[in-house]
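Below is a briefing on one protein structure. Please read it with the sequence and the model side by side.

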Amino acid sequence: MALVELRGVTKIYDLGGEKIHALAGVDLDIESGEFTSIVGPSGSGKSTLMHILGCLDTPTGGAMSIDGIRVEKARPKELARIRNRKIGFVFQFFNLLPRLTVQQNVELPLIYMGYSAARRRERAMEVLGLVEMDNRSRHRPSQLSGGQQQRVAIARALVNEPRIIFADEPTGNLDSNTGEKILQLFHELHAGGRTLVLVTHDPDIAGLTPRRIEIRDGRIADEVDTRLVRGTEQSRFALTRDDRDAVGDSPREA
Amino acid sequence: MDFGAVIANSIREIKGHPVRSFLTMFGIILGISSLVAMNAVVKGMENGLKEALIEMGGMDKFEIGEEDELPDYQAHLGDQIPGLTMADVYALQASAPLLSQITPAVEMSRWNSRLSVRHEGRFARPYRLYGTWPSYMELEDHHVQHGRMFNDIDEEMANSVCVISTGIRDDLFGSPESTGEEVIPVGRTIFINDMPFEIIGMFQHYETETERKERLERMRLIREGKIKAPSNGSISRQGSFIYRLKNNSIFIPLRTMLIKFMSSKSEEPEPVQRIDTINVRVPDLESLDASIQQARNVLMITHRGIEDFSFRTEEDMAEEVQLTIRNYRVSGAVIAGIALVVGGVGIMNIMLASISERIREIGICKAVGATDAAVFNQILIESIFLSIIGGIIGLAASQAVIALISSLTPTDNTPEVTGASLIFALCSSVMVGILSGIYPGLKASRFSPMEALKYE
């Protein structure tokens with residue numbers, strides 16, 4: 001059984017009588033240890049898909065499970081628990097709480113897990129070390145650069161040892177140089193065995209991930225898995241531009 | 001859910017917006033301080049009234065007074081009312097055997113008469129001048145400390161003698177505090193409305209135990225030169241009303257009163273000896289009702305059936321006192337309640353503003369695993385926290401409010417802050433916090449995390 005399973009998932013928004021089919025039947029499996037990107041133009045439904053995958057929203061129809069837990073009919077409290085224990089989020093706008101210090105921001109998920117203050121601190125410093133931000137633990141987000149803030153956000157996403165990490169346009173608000181470094185961090189995490197899902201509108205960024213899913217009009221329009229194409233798992237930095245162009249033209253047989 | 005973390009977060013929120021938080025708390029501060037202050041003032045009043053009840057002697061007596069309003073069926077007789085006179089007193093003495101002691105009294109007070117008392121260029125303003133029989137001393141529990149009380153001979157001869165209380169002495173001869181020694185003016189002559197009276201006695205100084213201690217302490221400090229002696233004798237103008245009244249009275253024989261102060265007022269060809277009250281003592285409490293009935297029978301005859309008199313028992317007074325206290329309580333509670341409601345609305349308003357400011361933050365917390373309940377608790381605890389802090393500041397501020405009230409209306413009854421009222425006030429502030437936090441808390445907890453995150 002895959003870590004995340006979607007079967008015929010639909011999402012319909014009711015905007016004053018007008019029904020918007022944001023997702024029109026999505027089937028998707030994400031295995032543990034995969035690094036997947038979801039790519040698509042704005043309005044394609046990729047954000048909706050990511051919200052449903054991240055248990056921030058529930059599907060209108062279809063079935064979905066995360067780590068064996070059925071979530072399509074889950075109550076808000078259960079969803080909160082799944083987000084707390086199984087999922088880590090990284091957002092485009094970092095979404096750190098401005099009044100908390102770096103360390104307190106990272107501790108936040110642990111508060112809801114019921115960790116004691118001492119254990120929270122220990123664990124937060126540990127993951128801050130992982131993203132090389134442990135020397136800034138007492139700073140406020142406003143005292144940090146964008147790239148540093150995103151590192152803190154990644155540390156927060158890691159702190160609860162999630163089964164899967166979702167990143168929504170994590171480089172969208174950073175200059176290309178800093179963005180590169182953040183992406184590199186993601187690839188390092190992937191190399192460390194973590195499961196990552198990256199949502200982006202940028203085909204260049206998506207092309208660097210081993211698996212790429214393209215969303216259009218609420219459906220999966222295209223799917224590329226470089227592992228299938230090349231037969232081996234590839235690090236993004238091993239891929240050249242030509243490689244990417246090559247994989248982009250090879251639809252995966254479902 | 002870690003309670004410490006929630007509290008820490010609440011403190012951060014409040015510290016993040018100090019001015020806003022203070023303005024929010026202001027309503028609660030006002031509400032709680034007025035609640036405590038009203039409570040203290042009413043309690044003081046209650047103490048004073050209870051003291052007064054005790055000071056006025058036992059329950060086994062009643063007072064006959066004039067009644068201005070005749071019953072409806074006698075309204076047409078209004079021009080024939082006889083009023084209370086000495087004739088009534090004599091009739092009661094002769095025909096009402098149940099009444100064990102009958103004491104008529106005429107009162108002139110500083111509020112309804114011209115009343116001036118003078119001695120060698122110094123003036124006193126007594127609260128009241130009483131013309132009565134010596135037996136009145138028992139009714140009001142008076143004790144002559146120096147000299148003597150006037151007696152039946154003084155009454156019979158209508159002697160120009162008076163017994164004064166310490167307040168009058170303080171005004172005319174100087175208080176012990178200002179002179180450094182206690183002046184006993186027995187034998188001196190003073191002028192009451194320009195008529196000479198000889199002081200034959202002076203009452204003891206009436207005060208509560210605490211007042212006595214304070215006074216002795218003050219005297220000691222003055223003697224040791226640590227504080228300055230007051231230039232006028234203000235000491236007898238302090239304390240609860242009943243004590244001030246007793247300490248600022250002059251008593252003269254009833255007949256003297258009638259002849260010297262009342263005869264000129266009468267328009268009748270023959271002087272009618274109108275009196276203000278007849279105070280009656282009965283042998284025991286059980287015979288109170290029967291005694292009143294007996295007195296009524298007699299007065300119905302002397303008053304030719306016109307009921308222009310009324311009976312007041314101490315029980316009536318006790319009831320009145322209870323009613324007055326209750327009224328003050330209720331109005332105090334209503335005022336404080338309104339202030340608290342206003343304060344609560346203020347907190348709710350700010351919490352609502354605060355959550356719409358923090359929708360995104362709430363979304364973040366939910367995204368990383370905060371349940372609806374956790375968000376609700378956070379908002380609720382913040383609200384309770386605000387109102388408790390407001391409540392505590394309010395408790396401190398109540399001291400200022402009490403001082404303000406005391407200075408605006410210098411009253412005889414020292415406001416008393418009770419522990420129960422403090423606890424009640426704190427509980428009220430917690431209640432306000434809970435009530436005003438519920439709706440914002442529910443609202444915040446119901447944001448869907450996705451929508452909250454999208455919110456700009």
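Thr36(A) stands opposite Arg211(A) in strand S9(A). The model is predicted, so local features are used only at pLDDT of at least 70 and side-chain atom pairs only at pLDDT 80 or more, while totals for chains, interfaces and linings use all residues. Residues are numbered from 1 along each chain as its sequence is written, chains are lettered from A and ligands numbered from 1 in the order in which they are written, and side-chain values use heavy atoms, with hydrogens and water left out. Helices (H or I, at least four residues) and strands (E, at least two) are DSSP runs, numbered from the N terminus.

**Strand S9 of chain A and its partners**

- Strand S9(A) covers residues 211–216, and five of its six residues are buried; buried means under 20% relative accessible area, exposed over 50%, and partly exposed in between (1.4 Å probe, protein chains only).
- Strand S3 of chain A (residues 35–39) runs parallel to S9(A), and four bridges join them; two strands pair if DSSP finds at least two bridges between them.
- Strand S10 of chain A (residues 219–225) pairs with S9(A) in the antiparallel sense, over six bridges.
- Across this second pairing, Arg211(A) stands opposite Asp225(A).
- The hairpin of S9(A) and S10(A) has two residues between the strands, and Asp217(A) takes a positive phi near 50° there.

**Chain A as a whole**

- Chain A has nine helices and 10 strands.
- Of its 254 residues, 54% count as buried.
- Among contacts in chain A between residues at least 6 apart in sequence, 68% join residues at least 24 apart; contact means heavy atoms within 4.5 Å.

**Strand S2 of chain B**

- Why is strand S2(B) described as largely enclosed by the rest of the structure? Eight of the nine residues in this strand, residues 101–109, are buried.
- S2(B) runs antiparallel to strand S11 of chain B (residues 277–281), with five bridges joining the two.
- In that pairing, Thr103(B) has Asn279(B) as its bridge partner.
- S2(B) is also joined by five bridges to strand S5 of chain B (residues 128–132), again antiparallel.
- Here Met108(B) stands opposite Leu129(B).

**Two residues with positive phi**

- Asn95(A) has a phi near 50°, a positive value in a residue other than glycine.
- Asn95(A) lies in the loop between S6 and helix H3 (102–113) of chain A, and is buried, with a relative accessible area of 4%.
- Arg304(B) also has a positive phi near 50° and is not a glycine.
- The loop that holds Arg304(B) is between helix H11 (288–302) and strand S12 (309–313) of chain B, and Arg304(B) is exposed, with a relative accessible area of 58%.

**Cavities**

- How many cavities of 30 Å³ or more does a search of the whole structure find? The search finds three.
- On a 1 Å grid over the protein atoms alone, a cavity is a set of points where a 1.4 Å probe fits but cannot get out, and lining residues have an atom within 4 Å of a point.
- Grid points are joined across faces, edges and corners, and a volume is the space filled by probe spheres set on the points.
- The largest cavity holds about 100 Å³ of space, and its lining includes Glu13(B), His17(B), Met351(B) and Glu382(B).
- Helices H1 (3–16), H2 (18–55), H12 (314–357) and H14 (372–408) of chain B each supply at least two residues of this lining.
- The second largest cavity has a volume of about 50 Å³, and its lining includes Arg83(A), Phe89(A), Ala367(B) and Val368(B).
- Strand S6 (87–90) and helix H5 (146–158) of chain A each give two or more residues to the lining of the second largest cavity, and S6(A) gives the most, with three.

**Phe385 of chain B**

- Phe385(B) is in helix H14 of chain B.
- Leaving aside neighbours within four places in sequence, Phe385(B) is in contact with Ile7(B), Ser10(B), Ile11(B) and Ile14(B).
- Phe385(B) and Asp308(B) are 77 residues apart in sequence and 62 Å apart in space, C-alpha to C-alpha.

Definitions and conventions
1 Å grid on protein atoms, 1.4 Å probe; cavity = no way out; pocket = protein on both sides within 12 Å on 5 of 7 lines; lining within 4 Å.
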